[in-house]
Amino acid sequence: MVAHKFAVDLNKPLVFQVGHLGEAYDEWVHQPIISKEGPRFFQNAFMELLTRTPWYVIPTVWVPVASWFISCSVKVGLPSRDVTLFVILGIFFWTLAEYTLHRFLFHIQTTSYWGNTLHYLLHGCHHKHPMDSMRLVFPPAAAAILAIPFWNLVKVVSTPETAPAMFGGILLGYVMYDCTHYYLHHGQPKSAVPQKLKKYHLNHHYRLHSYGFGITSPLWDKVFGTVPPPSKVYAKRR
């Protein structure tokens with residue numbers, strides 16, 4: 001008896017289909033469909049609504065939260081110079097967290113039904129439909145869940161006075177990351193630096209998805225050796 005490969009029907013809700021791809025999922029999800037109209041995820045209208053987030057929701061929700069945390073350090077008497085220092089430290093820490101999450105969690109390879117399904121919801125959908133503007137930034141509820149372990153870690157490595165300022169910096173770093181990510185996909189940069197960053201990120205999507213994990217900066221790609229090799233070098237390696 002010949003086993004038939006599972007084929008995803010793009011005209012039907014995708015989330016509960018992709019798990020059936022098994023080992024073929026990784027190859028399928030990294031073959032992008034270039035369309036500004038995103039696919040339907042769920043048949044249920046409420047569940048579908050929860051998957052869609054406009055980019056401006058991110059600064060609207062998280063900048064006030066970050067400001068509140070930073071103000072907590074100010075209220076307990078932390079000097080302004082130290083508040084600024086720990087906010088900057090938090091932003092810098094976020095750049096490492098951004099790289100680590102993107103490389104080791106968002107690009108984890110899965111083959112099981114639920115592994116494929118969860119990965120598709122987390123990041124796979126973005127690689128399959130990279131121009132889907134409503135599913136490019138992280139929904140606030142999901143981001144809040146991921147923020148909890150970050151807050152607990154910050155409380156361990158810093159003092160009660162400095163922890164809020166540092167965590168506020170992390171949140172500001174996250175806002176910069178998600179807004180930058182949106183801009184790299186949908187903006188039309190005119191100056192050299194953002195143009196280069198856009199090219200760097202789109203290279204991750206359309207040529208080498210196992211390289212170039214930095215979004216706001218290639219710094220950690222340089223540190224950990226995941227800067228995309230030139231086209232000719234990569235062709236020779238293959």
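Modeller: Contact here means heavy atoms within 4.5 Å, and helices (H or I, at least four residues) are DSSP runs numbered from the N terminus. This is a predicted model, in which local features need pLDDT of at least 70 and side-chain atom pairs count only at pLDDT 80 or more, while totals for chains, interfaces and linings use all residues. Residues are numbered from 1 along each chain as its sequence is written, and side-chain values use heavy atoms, with hydrogens and water left out.

Colleague: Which residues of α7 are buried, and what do they pack against?

Modeller: Buried means under 20% relative accessible area, with exposed over 50% and partly exposed in between (1.4 Å probe, protein chains only). In α7 the buried residues are Ala143, Ala147, Phe150 and Val154, and they pack against α4 (57–75), α5 (80–105) and α8 (163–186). An α-helix has 3.6 residues a turn, so residues three or four places apart point the same way.

Colleague: How many salt bridges does a search of the whole structure find?

Modeller: Side chains of opposite charge can pair when their charged atoms come close; the criterion is a side-chain nitrogen of Lys or Arg within 4 Å of a carboxyl oxygen of Asp or Glu. The search finds 2. In one, arginine 135 pairs with glutamate 48, their closest N and O atoms being 2.6 Å apart, and this pair links distant parts of the chain, 87 residues apart: the loop between α6 (113–128) and α7 holds arginine 135, and helix α3 (residues 45–50) holds glutamate 48. Arginine 135 also meets aspartate 132 (2.9 Å, N to O), so that Glu48, Asp132 and Arg135 are linked in a network of salt bridges.

Colleague: Why does arginine 135 count as buried?

Modeller: Arginine 135 counts as buried because its relative accessibility is 7%, and glutamate 48 counts as buried because its value is 8%.

Notes
Helix = DSSP H or I, 4+ residues; strand = E, 2+ residues; numbered from the N terminus.
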